[in-house]
Amino acid sequence: MNVMLVDIDGVFNNFVRPKIDLFLGGEFSVGKAHTGHEIAWQPEILDRLLSFHDRGLAEWRWLTTWEDEADILLQGLFNRPERSFEVAGRQDDHSAYHWWWKELVVKDNYADYDGKVVWIDDELNYSNRDDYSSDTFLQVKPYPCLTSDDLDNIERFLTS
Ligand SMILES: [Mg+2]
């Protein structure tokens with residue numbers, strides 16, 4: 001089974017409002033999460049990302065500091081059907097052992113995974129991140145957040 005490791009902030013939540021101006025076209029929704037954080041997202045981008053899971057191309061797993069609250073965010077704020085996606089890793093289990101906890105989750109569980117892995121995280125843009133890219137591992141580095149081009153790349157990778 002292929003998997004997608006999905007972050008929220010900087011991926012489909014364009015959480016820094018001024019960044020919205022960087023987008024040319026596209027429809028944005030803006031709201032407040034139950035935590036009080038302001039969220040801004042493009043419904044068509046989120047829908048297409050969800051479709052990869054729904055079409056069976058890759059199982060959606062959370063790799064985000066939102067952890068178990070990610071499902072709540074997705075169901076409530078984004079008004080999507082109820083879902084319960086697995087949390088791929090938790091910060092408290094890893095932060096004491098590594099400078100970036102998500103990388104440890106990936107290194108331990110997905111670097112030699114039996115299936116294709118798509119890891120989507122804006123923090124992969126930082127120059128000091130390890131590169132796990134291979135024929136079966138795609139790192140997606142959204143900036144300022146996920147775009148149609150990123151989604152095209154993911155779909156090509158999962159269907160090739
Ligand atoms: Mg992020």
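Let's start with helix α1, where Ile45, Leu49 and Phe52 are buried; buried here means that 20 or more other C-beta atoms lie within 10 Å of the residue's own, exposed means 12 or fewer, and partly exposed is in between, with C-beta atoms placed from the backbone. Seen down the axis of α1, those buried residues fall within an arc of 45°, so they line one face of the helix. That arc is taken from the directions between the helix axis and the C-beta atoms. Over on the other side of α1, you'll find Glu44, Ser51 and Asp54 exposed.

A quick word on what we're looking at: this is a predicted model, where local features need pLDDT of at least 70 and side-chain atom pairs count only at pLDDT 80 or more, while totals for chains, interfaces and linings use all residues. Residues are numbered from 1 along each chain as its sequence is written. Helices (H or I, at least four residues) and strands (E, at least two) are DSSP runs, numbered from the N terminus.

So what do the buried residues of α1 pack against? They pack against β1 (3-6) and α5 (148-159), with contact meaning C-beta atoms, placed from the backbone, within 7 Å. After α1 comes Gly56, with a positive phi near 80°.

Now please turn to helix α4, residues 101-109. Its buried residues are Lys102, Glu103, Val105 and Val106. Down the axis of α4, they fall within an arc of 155°, so they too line one face of the helix. Their cover includes β1, α3 (91-94) and β6 (117-120).

Finally, have a look at Phe12: leaving out residues up to four places away in sequence, Phe12 touches Trp41, Ile45, Leu46, Leu49, Cys145 and Leu146.

Key
Two residues are in contact if their C-beta atoms, placed from the backbone, lie within 7 Å.
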